[in-house]
Amino acid sequence: MTDEADAAAEEPTDAEEGAEADAPEAETEEELDRSLIERVAEYDEELAEAVREDRADYEERIEDLEGKLTRKQADFQNFKKRQQKKLEQQQARATESLVEDLLPVRDNLARALEQGEDTDIREGVEGTLRELDSVLADEGVERIEPEPGEEPDPERHEVLMRVESDRPAGTIEELYRPGYEMGEKVIRTAQVTVSEE
């Protein structure tokens, strides 16, 4: 192909130029409204002025409504943030934290009871332990105390060691420390020994 042929191929034909000239340019809604108002003004200036005022009122109302919508959306987002923060604060003060703090106290009281029966503090310790157990029960706390011979549950039981035993291999031999659960959530696993396999 020659340079002249290339140039001819790139130039638009007369038909294409005519089509481009006939195609209207895309106008915005505002431009169409102004064009219409100008055409009305050619016949009736008073009517055109009334349309202009209506158009201005309409645009002002839209702007006002858009502003109100933006403020309402911002208020709603702020409300959601406040509610989320309030929920997080409530969860932080939830009873679960209290229960976790009380469990070591309960364990210590139980260990104290393992002392000799002639110990002077036994009666007081027993009363304190009963009171503490009552508080825990009122909070919906339940003990996890698997029986010897049961299968260990990794979600509820922590195996401390494997020991020689007459029980079937892989079953619980002895409960070392009880676990606790609250509302179907394990707060602390029970510690157990398991028979060797």
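**Pocket, cavity and salt bridges in a predicted model**

Trainee: How much space lies in the largest pocket?

Mentor: This is a predicted model, in which local features need pLDDT of at least 70 and side-chain atom pairs count only at pLDDT 80 or more, while totals for chains, interfaces and linings use all residues. Residues are numbered from 1 along each chain as its sequence is written, and side-chain values use heavy atoms, with hydrogens and water left out. On a 1 Å grid over the protein atoms alone, a pocket is an open set of points with protein on both sides within 12 Å along at least five of seven lines, whereas a cavity is a set where a 1.4 Å probe fits but cannot get out. With volume taken as the space filled by probe spheres set on grid points joined across faces, edges and corners, the largest pocket holds about 260 Å³.

Trainee: Which element gives the largest share of the lining of the largest pocket?

Mentor: The lining, whose residues have an atom within 4 Å of a point, consists of Arg-106, Asp-107, Ala-110, Arg-111, Glu-114, Arg-143, Leu-175, Tyr-176, Arg-177 and Pro-178. Two or more of these residues come from each of helix 5 (95-113) and strand 3 (172-177), where helices (H or I, at least four residues) and strands (E, at least two) are DSSP runs numbered from the N terminus. The largest share, 4 residues, comes from helix 5.

Trainee: How many residues of that pocket lining are charged?

Mentor: Asp, Glu, Lys and Arg count as charged, Ala, Val, Leu, Ile, Met, Phe, Trp, Tyr, Cys and Pro as nonpolar, and the others, Gly among them, as polar. On this division the lining of the largest pocket has 4 nonpolar residues and no polar ones, and the number of charged residues is 6.

Trainee: Which residue forms a salt bridge with Arg-106?

Mentor: Arg-106 belongs to the pocket lining, and at 7% relative accessibility Arg-106 counts as buried, because buried means under 20% relative accessible area, exposed over 50% and partly exposed in between (1.4 Å probe, protein chains only). The structure holds 7 salt bridges, each a side-chain nitrogen of Lys or Arg within 4 Å of a carboxyl oxygen of Asp or Glu. In the one formed by Arg-106, the closest N and O atoms are 2.9 Å apart. This pair links helix 5 to helix 6 (residues 122-138) across 27 residues, and the partner, partly exposed at 27% relative accessibility, is Asp-133.

Trainee: Which residue meets Arg-143 in a salt bridge?

Mentor: Arg-143 also lines the largest pocket, and with 32% relative accessibility Arg-143 is partly exposed. Its partner is likewise partly exposed, with a relative accessible area of 41%, and the N to O distance in the bridge is 2.7 Å. That partner is Glu-145.

Trainee: How far apart are N and O in the salt bridge of Arg-167 and Glu-173?

Mentor: Arg-167 counts as partly exposed at 34% relative accessibility, and Glu-173 does so at 23%. Their side chains meet in a salt bridge whose N to O distance is 3.3 Å.

Trainee: How much space lies in the largest cavity?

Mentor: A search of the whole structure finds 1 cavity of 30 Å³ or more. Ala-112, Leu-113, Gln-115, Gly-116, Thr-119, Ile-121 and Arg-122 form the lining of the largest cavity, and these residues divide into 3 nonpolar, 3 polar and 1 charged. The space in this cavity is about 30 Å³.
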